[in-house]
Amino acid sequence: MPTVAVLPADVADQIAAGEVVERPASAVKELIENALDAGASAVDVEIFEGGRAGVRVSDDGSGMDRADALLALQRHATSKIRRAEDLVGVQSFGFRGEALPAIASVSHLTLHTAAERGPGTAVRVVGGTIERTEEAPRQRGTTVDVTRLFQNVPARLKFMRSARTEWRAVADAVTAIALARPSVHMTLSHDGRRVMTLPPAPTLRARIGAVWGAEYAESLLAVHDTHNATTVTGLVERPSDVGTRARRIHIAVNGRTIRDAGLVRAAEAAYRSTIPAGLRPSLMLELTIPADAVDVNVHPAKAEVRFRERWPTERAVEGAVRRALGVLSSAAAVGPRVWNGGGAGAGLGAPAYEAGPWNGVPPDGGNGSNGDYDPRGAPNGVGAEILRALASRGDPLFEAADAAGAGAADASRGEAATEIAVPPLVQLRRTYLMFEHAEGVVLIDQHSAHERVLYERFMGALEGGSMASQHLLFPLTLHLSAAAADAFDTHRALFSRLGFEAEGFGGHTVVVHSVPSPHPRFDAERCLRETLDALTGDRQPGTAARHERLAATIACKAAIKAGEELSPGEMRSLFVALARTTLPAHDVHGRSTVVRLPWEELERRFGRR
Amino acid sequence: MRFTISREKLQEGLAMVAASIPSKTTLPVLANILIETTDKGIRLSGTDLDIAVSTEVTADVEVAGAVTIPAKKLTEIARELMPSPVKVATAGEQRVTLECGQSKFKLLGIPRDEFPTFPSVRFADAWRIRSADLHQLISHTVFAVSTEESRPILNGVLWELRPDHMRMVATNGHRLAKMDVPIAGGGAGSSDLIVPPKALDQVRRLFPAEEDLEIARGENHLGFRSPLTSVFTRLIEGPYPPYDRVIPRDNDKIAIIDKASLSGALRRMVIVASDQTHRIRMSLNTGMVKFSVQTPDLGEAQDELAIRYTGDPLDIGFNASYLLEILRNMPTEDVRLTFKAPDNAATIEPEGWSDPAKYLCLVMPLRLVD
Ligand SMILES: Nc1ncnc2c1ncn2[C@@H]1O[C@H](COP(=O)(O)OP(=O)(O)OP(=O)(O)O)[C@@H](O)[C@H]1O
Ligand SMILES: [Mg+2]
């Protein structure tokens, strides 16, 4: 067992100073983190009146002997580091020796703890002063009981919010830690009512299932990618689900839950063009990076970290999420999830997710009738099995022809010119391409798919890639409306990057000499006219947004339409081109390009299971 | 109506007309073949309303008349019959019986009144043209028409008839094919026609090269006629774009290249070119042309060829599939390419062609924006 010691003043001075406990939720967070640092396998949290009346955290961790228990209550006393160098790559949540004394100084606190051997000690502290220390037997572990929080600090007390609001913050803090450590058994109760029971879970997905329901957990896409020294794992929302339910963010770096707008933005960037602007996805991401590549000692509440190199880290996150969105399982599925027993009975094309059993916070602050956290889909049920299997397989939508190679994922990143194996394709209603996949029947919307292909090609051209432009024998003369002529002038340079070479003839007449040639059926004049129409009246967005808007608009206008008959060769090249895009399963409006009808779903409908 | 016809004659007539019958139609009678008796036999006709084809075959007519019969069924029956005379008779307006040896069929036809009447074209002042000349024009130009629906004019072949020569031009706006052949006293005056390529395909298929044809224009129809067979087609309304203005006169860089080697090099480059644009680059220099292609995600390729070249060095990009298509139609072993600049039209012509016809193709380059 490590022993507690007071840090030398020069070390203590190097620690990010500031307010450690500002509300009940921060006290709860500190206490749970102490329990986890002590190696607890189970942590029970009891909250009274949102924490205003009391907070109690019990663990089965290492516990402390009498001397350590007393020392732990002093400022800068810690067992977790000794010297300033230890701060680099510190693995434990704690390292300041601040939390216990800080809480103790603004409350009535009882620390009841026992180490493996030894009698057990209870220390009573009132407003920071140790009142009583006595022998008190208990099993190995620690219980910290905090009451009358901030009663002696009128300024703080004034800022405490309603019990309901404070409870909400506590529940969020507990959830955040629960997601960071799925293997620890955790319970949470409020005013004597058990609101959450989280058995040890093998994976983040299983833990999310226990918190928000199995159906929710299963609807998320697995992220798993290593780039340079950064591994990004976790779960993110399917584009087709974004905006249909509460948004949830969980970002952890080396096991520590943090806030980081930059990483969130990077992950969101990966969704660009798959969801409508303004919608923001739920993200549960865990980064593992070399300990010395991140500084955890920058924020008094340890809610933020500093990366030695931020840009590559954000790149890694964006890349990992993008890759997750590129697999077949990210496509919308038909019917209810196979593993939920078909209870939802949704019809074809109606996936209709309901929010999990607990959507953020119970509406009544947890005091009411439905505030039960008990997991519906037990993480060790059948569901979790299938789910894990699926998650680990990462089923690529488009198989690479060389099965041995890294596969379609690489091809889709443009790193290798892997041959794409094209399955037999059938065109339905001159609108969809259908093919058979190991997981079931897959349908591709030909227009959406082509739109995705062209979008990426046009974006590439706008971002500095090259584009072939066909000179015309007979230049096109377009007489435009004032607004369309305006839109043309605004975007002139971009149009030319895309291959539309044109000169203005004063007034509203434009003469086009050369045009892109994205496919043999391309109707350049109509595409240009419709694009200009769509662009008229646009506010002046930023450059990046303008690129995307233009690429998306032209892609939409230039893509083959529903109702066009495709030759087998055209179907094959569309398939290959789609497979080579980075986000094959989603079109630029956030709709699906691909819909899966899983075998299980078919079998269920035919009464085979 | 009653007549007897040999199985071969029946099959021959059906084969001529069958291709003009639409495979899908909302007007049921169009799926039928019209059979009418004539002095010497019977006339079979079919149409999809754009093009009408009719042909006469010999038969023994006992009772004159007319009826329409489902084309597909009649063709299938004719194919399977024993090689014996076929007796066809109507009972009433639409019942048809067909007997051949021991085989007997009863078919339900549609009364002839429902069959659309052919456009009236007066052959009184027709052009008289050798079918072979027409064949030559068609086969060298029709490939270049546009298949895109945005400019219907370009979906047709321009056919200019002049007292002493005729010309066909086809283009999709990216490349163009043009051929002239001299004619000896065609007959009627000058005329510019825009003809659907489907009709020209029928003309090529139905009229043997050695026949002389009569060609006459109606309101907005065109008729082709040989003694036994005729084809009528709708014309596309003009005007055709001013193609003559875009044919370069001042291309000063000239390459003479062996056609087979050039096609071979292009076909090799196309393997690595982008599926969409087939873009390849040609670098022309004295005595040598280098080919190169780079396609992101796929790879690159180079090739080179010894050529005769006069002019300054030039780098120019093309859609290789356009070049290949043109080369396939070039009648000579060597071809002559002319250029001006990377943004200007290139021409391709036969080199050392002794034929009285004149042939010119034109390709607009493909530029790489980067
Ligand atoms: N639940 C617990 N079980 C065992 N030891 C504990 C427990 N809580 C606190 N300790 C001991 O008390 C010390 C002080 O805890 P405190 O939370 O004040 O500081 P810290 O965890 O070291 O750093 P920080 O201020 O960053 O949290 C810890 O270093 C640890 O040795
Ligand atoms: Mg601590």
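Visitor: Hi! How are residues, chains and ligands numbered or lettered here?

Guide: Residues count from 1 along each chain as its sequence is written, while chains are lettered from A and ligands numbered from 1 in the order in which they are written. As this is a predicted model, local features need pLDDT of at least 70 and side-chain atom pairs count only at pLDDT 80 or more, while totals for chains, interfaces and linings use all residues.

Visitor: Thanks! How many residues of chain B are in contact with chain A?

Guide: 26 residues of chain B are in contact with 25 residues of chain A; contact means that C-beta atoms, placed from the backbone, lie within 7 Å. On the chain B side, the largest share, four residues, comes from strand β27 (residues 366-369). Helices (H or I, at least four residues) and strands (E, at least two) are DSSP runs, numbered from the N terminus.

Visitor: And which strand of chain A is joined to β27(B)?

Guide: Strand β22 (residues 467-479) of chain A; four bridges join the two, and they run antiparallel. Strands pair if DSSP finds at least two bridges between them. A:Met467 stands opposite B:Val369.

Visitor: In what order do the strands of that open sheet come?

Guide: The order is β23(A)-β24(A)-β22(A)-β27(B), with antiparallel pairing. β23 (501-504) of chain A and β27 of chain B each have a single partner strand at the edges, so one side of each is left without a neighbour in the sheet.

Visitor: How many bridges are there between β22(A) and β24(A)?

Guide: Seven, again in the antiparallel sense, with β24 covering residues 509-516 of chain A. A:His471 has A:Ser514 in β24(A) as its bridge partner.

Visitor: Which helix lies across β22 and β24 of chain A?

Guide: That is α15 (residues 524-535) of chain A, running at about 75° to β22(A). Axes are lines fitted to C-alpha atoms, for helices over the stretch in contact, and angles run from 0 to 180 degrees between N-to-C directions.

Visitor: New topic: which residues come nearest to ligand 1?

Guide: Of the 24 residues around ligand 1, A:Asn34, A:Ala72, A:Thr78, A:Gly94 and A:Ala99 come nearest; a residue belongs here if its C-beta atom, placed from the backbone, lies within 6 Å of the ligand.

Visitor: What gives the most to that shell?

Guide: α2(A) does, with four residues. α2 (24-37), β4 (77-78) and α4 (99-105) of chain A each supply at least two.

Methods. Two residues are in contact if their C-beta atoms, placed from the backbone, lie within 7 Å.
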